[in-house]
Structure formats: structure tokens, C-alpha cells
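Here is a quick walk through one protein model, written for someone meeting it for the very first time. Have a look at the sequence and the 3D view, then read on.

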Amino acid sequence: MSKLQVDDIVNKSDNGAPGFPYGAVITGVITATTFSGNATTASGLSGTPNITVGNIVGVALTLSGNLTVNGTQTIINTTNLEITDPLVGIGSGNTTDAQADGDGIQIYGATNKTLTFNNTKKAFETNVAWATTDTRFISVAEKLVRVDGNTVSLVYNTTGANIGFATNPSGNITLAVTGIPTSSDFDNHVITFSVFVNQTGTARSCTAVTLNGVTPTIKFAGGSLGAAISGVTTTSGFDIYSFTGINTVGSASTTANYAVLGVVNGGFR
């Protein structure tokens, strides 16, 4: 028999579905109103054409392989969501910081609470205050660069610790700072750096600062180095020379745009 044409197929008792103990090979399309019962073994669900369904409703679903979901929205209605991965990625299609602007996490409520990335500020921002379970002060220690000589070289660190220590200078000191960012994301920044001077019999001063090789004129408090150190420094003890570089133009493309202000605190002995 090459073709079977029927309207309905029922079991022998005419009260249910027939059985196919040896299976059935279907080369066309199966259309059904519902599928019910348990599938103890299912194989061969692959190939062309693809298997397409509208909605899948079940009690539990376990996948042993990868899951890819395409579409515009994924809704998960669960009481708890647990993720084993230690890193959760958001915005994987982004290739620039500008595309990441506004990406983050939103918590729904009477007013939504957000933690998002702000590309203009180059930082995360939140629309609610941060709170901790304790009120405490955390001690902070900054690393310094120790130099036994007259040139203190610092590689600028945007997170701090831009401190030099001249332990035994034989003359006046030059503070040479390198590694200051020149990219556009460092526009409109202020930089700070200091040098501690251990005076060993003759008062030595920090008379020069270089920023990525550029030597600006230091604008000392009082109008001059002499005015800044008058009655302040010592010949045996410690003096502190603190500098602030203000980008007066805005562009970080060259350190020549920084005006350097100097303040001296001394006589520590």
C-alpha cells in the first residue's frame, strides 16, 4: 500500500488513539490542537525545517546545553533568580563608552531606583543615596616614592599616592611627574602631587616641577617661592611642598594647559 486516505484513526476499541509500537516516520507537517502526556523518549527533533512553537507551558524545563533567546524582550517571573556565573554582562553589543551611556540596573518601586553608567562623567551614578549597616571611618594609607637625591620622579596615579620623599637632598629639588593622561576623557581635570623634604642641615626647596616634560612656572602662595617659605621651612626637620595643577583650557591633550599652584608647609621637627 503506497497511500492511506482516512479522516480519523482510532484504536481497535474505537475509544482512543491508536498505538505505534514501532514508531512513525512523518515527512510532512504534523498539526495538532494539543499535545498531552509524557514523552519518555524523544529524538530526532532537528534538521530542516525547524521546529516552531508559539507558547510552551510546563512545570519545569532543564537544558543540558546552551540557550539562545532572540527577540526584543525577555520576561522572567520568578521569586528568586540565581546565577552561578561570577560576572554578569550588560550591553554586550556595545563597542564604545558612548553606547554604554545609561546602561545599568533598575529596581522598580513607587519611583524606580537606578545604578547606571554616565559616559560624560566617566562614572557610575545612582538616583538614591548609598547607605551602610555601619557608620565607620576606614583608614587609608598612600604609598610614596622615596628618593635619595635632588630629582623626585613620580608616575602620575589618577587614584592618588602622588607623593615623593626627598630623604637627603644636596641641593634644591625638581619634582618630575610623568604619565599624566592626555586623552580626551581626562579633559577638565585637576591634578595634585606633593614632595616631602627631609632637611639635613641646609634648607632645600622644591623649585621646579615638570609635567610630562613640560616645565610650568609655579605660582606660589604669597606670589613667590621666597614669600611661600618665609618663616615656614626648617634646616633640620621636614617641609612639605604641595602642588595643584589646574587645567585652565580644558583639553588634556598637552600638560602645557595646566597652571601649577604651590603651597609650602614646614618646620615639622
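N188 counts as exposed because its relative accessibility is 62% (exposed means over 50% relative accessible area, buried under 20%, and partly exposed in between, with a 1.4 Å probe and protein chains only). You'll find N188 in the loop between strand 7 and strand 8. Its phi is near 60°, a positive value in a residue other than glycine. Most residues other than glycine have a negative phi.

K122 is another residue of this kind, with phi near 55°. K122 sits in the loop between strand 2 and strand 3. With a relative accessible area of 37%, K122 is partly exposed.

## What you are looking at

This is a predicted model, where local features need pLDDT of at least 70, side-chain atom pairs count only at pLDDT 80 or more, and totals for chains, interfaces and linings use all residues. Residues are numbered from 1 along each chain as its sequence is written, and side-chain values use heavy atoms, leaving out hydrogens and water.

The protein chain has two helices and twelve strands. Both kinds of element are DSSP runs numbered from the N terminus: helices are H or I with at least four residues, strands are E with at least two. Starting at the N terminus, the order reads α-β-β-β-β-β-β-β-β-β-β-α-β-β.

Of the 269 residues in the protein chain, 22% are buried. The chain exposes about 20,700 Å², and carbon and sulfur atoms supply 52% of that (accessible areas come from the Shrake-Rupley method with a 1.4 Å probe, and for residues only the protein chains shown count as cover). Among contacts in the chain with a separation of 6 or more, 51% are between residues 24 or more positions apart; a contact means heavy atoms within 4.5 Å.

## Strands side by side

Which strands does strand 11 pair with? Strand 8 (residues 190–200) pairs with strand 11 (residues 236–247) in the antiparallel sense, over eleven bridges. Strand 11 also pairs with strand 12 (residues 258–268), again in the antiparallel sense, over nine bridges. Pairing here requires at least two bridges found by DSSP between the strands.

To get your bearings, look for V195, which stands opposite Y241 in strand 11. Then look for I246, which stands opposite A259 in strand 12. In a regular strand the side chains alternate between the two faces of the sheet.

## Inside the core

The largest nonpolar core has 26 residues, and L175, F193, L211 and F243 touch the most other members. Several elements give two or more residues to this core, including strand 5 (151–155), strand 7 (173–178) and strand 9 (206–211). Strand 8 supplies the largest share, four residues. A nonpolar core is a set of buried Ala, Val, Leu, Ile, Met, Phe, Trp, Tyr and Cys residues joined through side-chain atoms within 4.5 Å.

Leaving aside neighbours within four places in sequence, L211 is in contact with V177, I180, I191, F193, P216, T255, Y258 and V260. Now try S205, in the loop between strand 8 and strand 9. S205 counts as buried because its relative accessibility is 8%.

## Salt bridges

How many salt bridges does the structure hold? There are two, where a salt bridge is a side-chain nitrogen of Lys or Arg within 4 Å of a carboxyl oxygen of Asp or Glu. K122 turns up again here: K122 forms a salt bridge with D97, with the closest N and O atoms 3.7 Å apart. This pair links distant parts of the chain, 25 residues apart, with K122 in the loop between strand 2 (113–118) and strand 3 (123–126) and D97 in helix 1. D97 is partly exposed, at 43% relative accessibility.

E125 and K121 make a salt bridge too, at 3.1 Å from N to O. E125 is partly exposed, with a relative accessible area of 28%, whereas K121 counts as exposed at 57%.

## A nonpolar patch outside

On the surface, I76, L81, I83, V88, I90, I105 and I107 form a nonpolar patch with about 710 Å² of accessible area together. Patches are made of residues with over 30% relative accessible area and no salt bridge; like charges are joined within 9 Å, and nonpolar side chains (Val, Leu, Ile, Met, Phe, Trp, Tyr) within 5 Å. One of the patch members, V88, is in the segment before helix 1 (97–100). V88 counts as exposed because its relative accessibility is 52%.
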